[in-house]
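Trainee: I'm new to this one. Could you walk me through how to read it, feature by feature?

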Amino acid sequence: MAVLIGNAVCDEHGKAKGGESGNQTGKELRVQAWYKNKKGWIVLRPKSPEVAEKIAQDCRWACENMAIGYNQSKRNTLYSAAKPFGFNCKDVKTPCECDCSSLVRVCILYAGVKVNDFNTASEVTRLMNTGDFEKLTDSMYTDSSSYLKRGDILVTATKGHTAVVLNDGPKVSPPDPKPEPTGKSVKVVGRSVNVRNEPDKTGRILFIAHKGETFPLLSVSESGWYEILTSYPTAFITNKPKYTKIV
């Protein structure tokens, strides 16, 4: 199975600037097969599987949303259009624009990682400074797609382009078996809520869950927090009714 990437490429005229708002051709933002860039790739891998999943999902939504187009002159209009929706690109209805790096930033923000604006020249530094990514430069990651993972971010070694990996490469090991859930789920009913590694506010934040998301319920802790099924060994979410409910 081919490894696919999502990216913002060019406007409807094949140029960097001047196009109309929105994806006029269906190819301004696009999903395509991974390729070896002549400038060379650097791979930035999210440390959190949940962050990786959200980055990939939001990028796919953006590529499928015809309201989002390419134009470097208006590269941050996607940011403004997506912000009211928690940077969920699926819900953007206002025609807007981005370029490759501003698209990646919006996807990262949707995943709950705070990062200031960047271009492809500053992207590696900005993302590494968040503490949420690891930098992979070995040829097994940069010259082939076999070991890439869904949610990996590709950045050219010099200023140029950036993209998001949308599916695992063929040599990625499958995840460990997950424990059996209780049959019930926890639904996020507030706008967003932190998921932590311990059942209280002192626990480390693992990722941010957004309104409407559901997670299989594993147990209820002594403090009342819900233990939910994620790819982390343990993950807990508050039981306050304004944020969550069991469904």
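**Reading the model, step by step**

Mentor: Let's begin with a helix. The buried residues of α3 are Cys100, Ser101, Ser102, Leu103, Val104, Arg105, Val106, Cys107, Ile108, Leu109 and Tyr110. Keep in mind that this is a predicted model.

Trainee: How does the radius of gyration of the chain sit against that of a compact globule?

Mentor: A compact globule with 247 residues would have a radius of gyration near 18 Å, and the chain's 19 Å agrees with that. Along the principal axes, the C-alpha atoms fill a box of roughly 60 × 40 × 30 Å.

Trainee: Is Phe87 buried or exposed?

Mentor: Phe87 counts as buried, because its relative accessibility is 11%.

Trainee: Now salt bridges. How many are there?

Mentor: Look for a side-chain nitrogen of Lys or Arg within 4 Å of a carboxyl oxygen of Asp or Glu. By that rule the count comes to six salt bridges. One of them joins the side chains of Arg150 and Glu53, at 2.8 Å from N to O. This pair links distant parts of the chain, 97 residues apart: Arg150 is in the loop between α5 (139–142) and β7 (153–156), while Glu53 is in helix α1. Arg150 is partly exposed at 26% relative accessible area, and Glu53 counts as partly exposed at 36%.

Trainee: Which residue forms a salt bridge with Lys54?

Mentor: That's Glu213, with the closest N and O atoms 2.4 Å apart. Glu213 lies in the loop between β11 (205–210) and β12 (214–220) and Lys54 in helix α1, so 159 residues of sequence separate these distant parts. Lys54 counts as buried because its relative accessibility is 6%.

Trainee: What does the salt bridge between Arg75 and Asp99 tie together?

Mentor: In that bridge the closest N and O atoms are 2.8 Å apart. Arg75 lies in the loop between β4 (68–70) and α2, and Asp99 in the loop between β5 and α3, so the pair ties together parts that are 24 residues apart in sequence. Both Arg75 and Asp99 are buried. Arg75, Asp99 and Asp117 are linked in a network of salt bridges.

Trainee: Back to helix α1: what can I learn from Glu50 there?

Mentor: Glu50 is found in α1, which covers residues 49–64. Glu50 is buried, with a relative accessible area of 12%. The C-alpha atoms of Glu50 and Phe207 are separated by 6.8 Å, with the two residues 157 apart along the chain.

Trainee: Last one: which residues form a positive surface patch?

Mentor: Lys187, Arg191, Lys211 and Lys245 form it. Lys245 lies in strand β15, residues 244–246, and is partly exposed, with a relative accessible area of 42%.

Conventions:
Residues numbered from 1 in each chain as written. Predicted model: local features only at pLDDT ≥ 70, side-chain atom pairs only at ≥ 80, totals over all residues. Heavy atoms only, no water. Patch = residues over 30% accessible without salt bridge, like charges linked within 9 Å, V, L, I, M, F, W, Y side chains within 5 Å. Areas by Shrake-Rupley, 256 points an atom, 1.4 Å probe, with all protein chains shown as cover. Lys, Arg positive; Asp, Glu negative; His and termini not counted. Charge placed at Lys NZ, Arg CZ, Asp CG, Glu CD. Helix = DSSP H or I, 4+ residues; strand = E, 2+ residues; numbered from the N terminus. Buried < 20%, exposed > 50% of the residue type's maximum accessible area, 1.4 Å probe, protein only. Rg over C-alpha atoms; globule rule 2.2 N^0.38 Å.
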